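Work through the following exercises with the sequence and the 3D structure at hand, and try each task before reading its solution.

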Amino acid sequence: MILYYVLENRSNTHAEDWYQSSFCRFLYPAADLSSQRISDLLHEIGREENWRRFFGAYIRWLNNTGVEYRKIIIDSTGLPNSVHFPLTAVSNHNGKVSNEVRLIFVVEEEIGLPIFMRYVEGSIIDISTMVNTLHELEEYAIEPELALMDAGYYSETNTEYLMDNGVNFVCRVQSNRLTYKKMIEENKESLERKENLVRFGNRLLFIKKAWTSISKKYNGWVYVCKDVARQNLEEDRLLARRDLQSLSMDEIYEELAEDGTFVIVSTLELSPDELLPVYYTRQQIEQTFDLSKNDADLLPLRIHSEEGLRGHLLLVFIATVIRRQIERILNDPKTKGIPNKGKRMTTETLLQNLGYQHAKVFSDQTIPQEANSKANFAYRVFGVKSPLSIPRENSSGK
């Protein structure tokens, strides 16, 4: 099933068809991928003790392989689920209403390798989950030094919990927070000055920082930012509003003043040139979500029990780690000899090219056919040698 989750993005109802047309049926001839047996498997591996046992072993593996996970990214995504189920609830996340389960991912910040996951009822908002997420990480001896988070996690309570426990953080602030309103009001007149102009890739931004109170107990660095391109887009939307004529000039002025503006809070003092590269490292977790949803069979979610959900999520997590590790090697600058005129090969392309290598199955052996240059590249990069033949007695899974 792990192979199916890695290689296919279809629902588990197609697993048996995949198995019958795959070499896996010779490797594991006793496997039963009927819907009922898969459901039984998900329930078995999804028991709470197995969930904990897996993550304990996984963290030990990370330690043994030298993966650094002291700098983490925390974010969540919704898993729509129309099946009646205790964890399914109405969620209003960023204005989008749906029946869903909420999945929280923790990844390390450099390459987005998943470290941990947990789930909550769909109606629970992000701001309420951060402390428990860190508590669960502590149970696996994970004590982060830095947490990168989106605006949904920012609150005075969370700020003080992080700082009380010595965890630095970088977090965007929602526009309805007092910190946001205070900093916009204090800096809107002086923000768009030459000394505050910063280039970030092909974007231009004005960034101004200040040392100020971020909770009743602590001060921190607050960065008021204005994205020039985003400002233009939001001004165009304002001009296209149907109720523009009903707005007063004061209301229009206030909206124009905030167009393209966002606020970031940090316990670390970062220069304006350093801030955005650090903050936008958060995009690693968005890529991890995309990988899980589009390539690792996370959705659609058709779950009727919590054990089944945990089992499904564990398989998704393992498949995501495997595909992320493949990406890590493919994106390594030391990886040379990439075909297609030097363009980087994606994981999807790599697996597709390997799938083009066929084999002929005889009564006593399986003979792989010749691999093309792209498949040979994969074998070379990952240290795999395609055998000339595979005796059938070694294909029995024993």
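This is a predicted model, in which local features need pLDDT of at least 70 and side-chain atom pairs count only at pLDDT 80 or more, while totals for chains, interfaces and linings use all residues. Residues are numbered from 1 along each chain as its sequence is written, and side-chain values use heavy atoms, with hydrogens and water left out.

**Exercise 1.** Classify the ring pair of Phe-54 and Phe-55, and decide whether Phe-55 is buried or exposed.

Solution. Begin with the rule: rings of Phe, Tyr and Trp (its six-membered ring) pair if their centres lie within 6.5 Å, and planes under 30 degrees apart count as stacked, over 60 as edge-to-face and the rest as tilted. The structure holds 18 aromatic pairs. One of them joins Phe-54 and Phe-55, with 5.0 Å centre to centre and 75° between the planes, and is edge-to-face. For accessibility, buried means under 20% relative accessible area, exposed over 50%, and partly exposed in between (1.4 Å probe, protein chains only). Phe-55 has a relative accessible area of 0% and is therefore buried, whereas Phe-54, at 21%, counts as partly exposed.

**Exercise 2.** Find what lies over the face of Trp-221.

Solution. A charge sits over a ring if NZ of Lys or CZ of Arg is within 6 Å of the ring centre and within 35 degrees of the ring normal. Here Lys-209 lies over the face of Trp-221, at 4.7 Å from the ring centre.

**Exercise 3.** Describe how strands β7 and β8 are joined, and say which residue of their hairpin takes a positive phi.

Solution. Strands (E, at least two residues) and helices (H or I, at least four) are DSSP runs, numbered from the N terminus, and two strands pair if DSSP finds at least two bridges between them. Four bridges join β7 (residues 197–200) to β8 (residues 203–213), and the two strands run antiparallel. Within this pairing, Leu-197 stands opposite Phe-206 in β8. The hairpin has two residues between the strands, and Gly-201 takes a positive phi near 65°.

**Exercise 4.** Where does Ala-141 lie, and is this residue buried or exposed?

Solution. Ala-141 is found in the loop between α6 (130–139) and β5 (146–149). At 52% relative accessibility, Ala-141 counts as exposed. Its phi is near 60°, a positive value in a residue other than glycine. Most residues other than glycine have a negative phi.
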